[in-house]
Amino acid sequence: MPDSVQEFFETLPSRADTSKTAGMNNSYAFDIEGAGQWTVKVTDGAVAVEGGLADGADCTISTSQEVFEKIIAGEQNPTSAYMTGKLKLKGDMGAAMKLQKLFPS
C-alpha cells in the first residue's frame, strides 16, 4: 500500500493488474489538490504515468489529497465521493467507469 499520493502514482505501473486492464486504451488526468497533477495512460492494458496534466485526456479527475488518500486506502468509495461532490469528473464517463480496474480491490 503506497504511503502517499505521489508514491501511489510512482508505483502504479508496477501494481496495475494487466489481466484487468488488457484491451483498455484510455488516458486519465488527475488533479489532486495539495499533492500534484499526473496523467495515467493505459495503452492496450499497459499502464504509464507522467507528471502533469496531458492535453486530450479522456477523463479528468479532480479531488483533494485527503479524499484521494482515503480512496487509495479503501476508506472512501470513489462513486460515493463523486455523488457527494468530493470528487469531480470531466470528460468520458465510460472511461471513468473503467478506472476502477486500475485500483486493486
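This is a predicted model: local features need pLDDT of at least 70, side-chain atom pairs count only at pLDDT 80 or more; totals for chains, interfaces and linings use all residues.
Helix α3 spans residues 65-72. Within α3, the residues Val67, Phe68, Ile71 and Ile72 are buried. Viewed down the axis of α3, these buried residues fall within an arc of 130°, and they therefore line one face of the helix. An α-helix has 3.6 residues a turn, so residues three or four places apart point the same way. The cover over the buried residues of α3 includes helices α1 and α4 together with strands β1, β4 (59-64) and β5 (87-91). After α3 comes Gly74, which has a positive phi near 80°.

Six aromatic pairs are present in the model. In the pair of Phe8 and Phe68, the ring centres lie 5.4 Å apart and the planes stand at 80°; because the cut-off for this class is an angle over 60 degrees, the pair is edge-to-face. The two partners are 60 residues apart and belong to distant parts of the chain, with Phe8 in helix α1 (residues 5-15) and Phe68 in helix α3. Phe8 has a relative accessible area of 3% and is buried, and Phe68, with a value of 2%, is likewise buried; the limit for this class is under 20%. Phe8 and Phe68 also belong to one aromatic cluster, whose members are Phe8, Phe9, Phe30, Trp38 and Phe68.

Two salt bridges occur in the structure. One of them joins Glu66 to Lys70, with the closest N and O atoms 3.6 Å apart. Both residues lie in helix α3, where a separation of four residues corresponds to about one turn of the helix. Glu66 has a relative accessibility of 52% and counts as exposed, whereas Lys70, with a relative accessible area of 33%, is partly exposed. Helix α3 thus contributes buried residues such as Phe68 as well as the exposed Glu66.

A salt bridge also links Glu50 with Lys41, and here the closest N and O atoms are 3.5 Å apart. Glu50 is partly exposed at 37% relative accessibility. Lys41 is partly exposed as well, its relative accessible area being 31%.

Ser27 is placed in strand β1 (residues 25-33), and strand β1 is among the elements covering the buried residues of α3. With a relative accessible area of 13%, Ser27 is buried. When neighbours within four places in sequence are left aside, Ser27 is in contact with Val40 and Lys41, and also with Gly56, Ala57, Asp58 and Cys59.

The surface carries a nonpolar patch formed by Tyr82, Met83 and Met93, which together have about 310 Å² of accessible area. Met83 is located in helix α4 (residues 78-83). Its relative accessible area is 64%, and Met83 is exposed because this value is over 50%. Helix α4 itself is included in the cover over the buried residues of α3, and Met83 of this helix is part of the surface patch.

Definitions and conventions. Residues are numbered from 1 along each chain as its sequence is written. Side-chain values use heavy atoms; hydrogens and water are left out. Patches are made of residues with over 30% relative accessible area and no salt bridge: like charges are joined within 9 Å, nonpolar side chains (Val, Leu, Ile, Met, Phe, Trp, Tyr) within 5 Å. Accessible areas come from the Shrake-Rupley method with a 1.4 Å probe; for residues, only the protein chains shown count as cover. A salt bridge is a side-chain nitrogen of Lys or Arg within 4 Å of a carboxyl oxygen of Asp or Glu. Helices (H or I, at least four residues) and strands (E, at least two) are DSSP runs, numbered from the N terminus. Buried means under 20% relative accessible area, exposed over 50%, partly exposed in between (1.4 Å probe, protein chains only). Rings of Phe, Tyr and Trp (its six-membered ring) pair if their centres lie within 6.5 Å; planes under 30 degrees apart count as stacked, over 60 as edge-to-face and the rest as tilted. Contact means heavy atoms within 4.5 Å. The arc is that of the directions from the helix axis to the C-beta atoms.
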